[in-house]
Amino acid sequence: SPERISIPRLSSQFTLLPDDLAMTVADNLALSRALDILAEFSLIEIRTEKELTLEEHQIVSLHRLVGALARDRLTEDQRRTWANAAARIIGSAFIFDSSDPTTWPQAASLLPHALTTATHAQATGVPVEITCALLDQAGRYLTRFAQYDQAKDLLDRALAISRRAFGD
């Protein structure tokens, strides 16, 4: 999702990124320079926010048009690579346990990212297990908070993808 991208979360998962970006994200100085340049050209907006733990961290928002233009310039292989990286990053961070309220705030902040990532993953052929896991986690989260129609849609999508890949 183009809104509220957590830089610390991205930095902590740099090994899941394609090599060219992983090197930049792994180096705090290089990442800071890259973000400053993107912000200087108004391609992103950088904010500092406090989490529930009162810890400050950087949040980046990308204009939807900039994201669409960037995606349009990618080849199919590049789209698949980036969708796979995004799905792995969000999949490793989007952990929802209905019996553990400490997982709820992070799941809530990652839900838009999980939904967007699952859509791109499904469209580009990311491994079924990753896409279905994202849809399942998001569906369970929405079920817990009584958003049953949206949860059913996500869980039905996961089931349809699984059936196409593995049969009944």
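Buried means under 20% relative accessible area, exposed means over 50%, and partly exposed is in between, with a 1.4 Å probe and protein chains only. By that scale E76, at 44% relative accessibility, is partly exposed. This is a predicted model, so local features need pLDDT of at least 70, side-chain atom pairs count only at pLDDT 80 or more, and totals for chains, interfaces and linings use all residues. Residues are numbered from 1 along each chain as its sequence is written, and side-chain values use heavy atoms, with hydrogens and water left out.

Let me stay with E76 and its partner. The side chains of E76 and R79 form a salt bridge, 2.9 Å from N to O. Salt bridge here means a side-chain nitrogen of Lys or Arg within 4 Å of a carboxyl oxygen of Asp or Glu. R79 is partly exposed as well, at 24%. Both residues sit in helix α5, residues 76-93, three residues apart, about one turn of the helix. Helices are DSSP runs of H or I, at least four residues long; strands are runs of E, at least two; both are numbered from the N terminus.

How many salt bridges does a search of the whole structure find? Six. Here are two others among them. R140 and D136 pair at 3.4 Å, N to O. They lie in helix α7, four residues apart, again about one turn. R140 has a relative accessible area of 34%, so it is partly exposed. D136 is partly exposed at 32%. Then E45 meets R47, at 3.4 Å, N to O. E45 is partly exposed at 45%. R47 is partly exposed at 26%.

Next, helix α8. It runs over residues 148-166, which is 19 residues. First C-alpha to last, α8 reaches 26 Å, close to the 27 Å expected at 1.5 Å a residue. That expected span is 1.5 Å times one less than the number of residues. Which residues of α8 are buried? A151, L154, A158 and I161. They cover an arc of only 95 degrees around the axis, so they fall on the same side of α8. The arc is taken from the directions from the helix axis to the C-beta atoms. What covers these buried residues includes α6 (104-124) and α7 (128-144). On the face turned away from the buried side, α8 carries the exposed residues Y148, D149 and R164. Just after α8, G167 takes a positive phi of about 85 degrees.

Now V60, in strand β3. V60 is buried, with a relative accessible area of 5%. Contact means heavy atoms within 4.5 Å. Leaving aside neighbours within four places in sequence, V60 is in contact with P2, E3, R4, I5, I7, L35, I44, E45 and I46. A pocket is an open set of points on a 1 Å grid over the protein atoms alone, where a 1.4 Å probe fits, with protein on both sides within 12 Å along at least five of seven lines; lining residues have an atom within 4 Å of a point. Of the 40 lining residues, I5, L21, L62, W82 and A86 are the closest to the centre. Which helix gives the most to the lining? α5, with seven residues.
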